[in-house]
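Please open the model in your viewer, with the sequence panel beside it, and follow the stops below in order.

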Amino acid sequence: MLEMQKDKNANIRRKAMAAAGEYLFYAATQMDDEAAESVWDISPSTVTAIVNCIKPGEDEIVKFYACKTIENITSQSVSAGYRFSTIEAASLLVNIIQNTKNDNLRVSASVAVSHICKHNKNVFQNFFDLLGFGNFAAAMGDSHVRIQQAFITLLLFALKNSYSLVERYYIAQLSSDQLLPALATLIQNNNPVIKGKCILTIVLLMQNHFSWMPILGGTGFYQHIDLSLIHI
């Protein structure tokens with residue numbers, strides 16, 4: 001199926017990628033089993049072939065199926081997910097996020113890169129450099145709930161885990177003008193998962209950078225916390 005990605009006919013590549021994605025997702029769910037047979041192993045060459053399908057210039061539908069494959073595998077398998085969690089894959093996903101006009105592809109790429117950073121924290125710095133502070137904060141205010149959740153999760157990972165001091169510096173540089181509007185929007189989100197992650201993110205911001213406490217006082221954050229407690 002992956003050999004068919006060399007075919008010049010886009011329709012053939014689309015169908016082949018869709019079929020390969022279904023098979024690889026099932027294989028990935030078997031790999032974490034201690035008794036898993038080697039037949040389910042996903043080889044480095046297979047990973048490379050899938051990642052090549054999200055490179056610039058590839059058909060958008062082929063990209064979507066490949067991106068969805070990476071998203072599904074990184075969400076469900078530790079061992080297989082880690083193999084896809086490379087700087088190259090994250091860089092290509094950022095390129096998709098920034099350039100595609102296809103909303104479904106952009107959503108899938110955003111979720112996939114959040115899974116990749118969870119599997120391999122060393123990827124986060126490169127990802128953050130490529131996307132930039134403003135774009136990162138803007139993504140948290142995106143109209144798509146899954147993109148909002150993906151990026152608030154990424155920020156939460158960066159604050160919660162012991163990443164490098166350089167990465168902590170980057171988080172500190174997310175100015176209030178960029179980050180506060182996004183957080184102010186998310187704290188009002190009807191999705192309880194997003195709202196909960198937003199509250200936890202703000203708590204960690206205050207723990208890591210005490211200056212956030214008075215800044216947040218002017219955003220209505222504390223009032224929203226009070227309202228949330230009333231409705232529990």
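**Starting at T201**

Select T201 first: leaving out residues up to four places away in sequence, T201 touches I152, L155, L156 and L159, where contact means heavy atoms within 4.5 Å. T201 is found in helix α12, residues 192-208, and helices here are DSSP runs of H or I with at least four residues, while strands are runs of E with at least two, numbered from the N terminus. With a relative accessible area of 0%, T201 is buried; buried means under 20% relative accessible area, exposed over 50% and partly exposed in between, with a 1.4 Å probe and protein chains only.

Before moving on, note that this is a predicted model, in which local features need pLDDT of at least 70 and side-chain atom pairs count only at pLDDT 80 or more, whereas totals for chains, interfaces and linings use all residues. Residues are numbered from 1 along each chain as its sequence is written, and side-chain values use heavy atoms, with hydrogens and water left out.

**The whole chain**

Zoom out and colour by secondary structure: the chain has 14 helices and zero strands. Of its 232 residues, 44% count as buried. Among contacts between residues at least 6 apart in sequence, 66% join residues at least 24 apart.

**L183, in helix α11**

Now select L183, whose place is in helix α11, residues 176-186. Is L183 buried or exposed? At 2% relative accessibility, L183 counts as buried. Apart from neighbours within four places in sequence, L183 is in contact with I152, C198, I202 and L205.

**Helices α8 and α9**

Two packed helices are described by the angle between their axes and the distance between the axes. Show helix α8, residues 133-140, with α9: the two pack at an angle of about 130 degrees, with their axes 7 Å apart. Axes are lines fitted to C-alpha atoms, for helices over the stretch in contact, and angles run from 0 to 180 degrees between N-to-C directions. That angle makes α8 oblique to α9, given that angles under 35 degrees count as roughly parallel, over 145 as roughly antiparallel, 65 to 115 as roughly perpendicular and the rest as oblique. Display the side chains next, and you will find F136, A139 and M140 of α8 meeting I147, Q148, F151, I152, L154 and L155 of α9.

**Helices α6 and α7**

Move to helix α6, residues 103-119, and helix α7, residues 122-131, which pack at an angle of about 140 degrees with their axes 6 Å apart. These helices are therefore oblique to each other as well. At their contact, V113, I116 and C117 in α6 meet V123, F124 and F127 in α7.

Stay in α6 and select S114, which is buried, with a relative accessible area of 5%. Setting aside neighbours within four places in sequence, S114 is in contact with A150, L154 and F157.

**The nonpolar core**

For the last stop, select I42, L93, F127, F136, M140 and F151, which touch the most other members of the largest nonpolar core, a group of 65 residues. Such a core is a set of buried Ala, Val, Leu, Ile, Met, Phe, Trp, Tyr and Cys residues joined through side-chain atoms within 4.5 Å.
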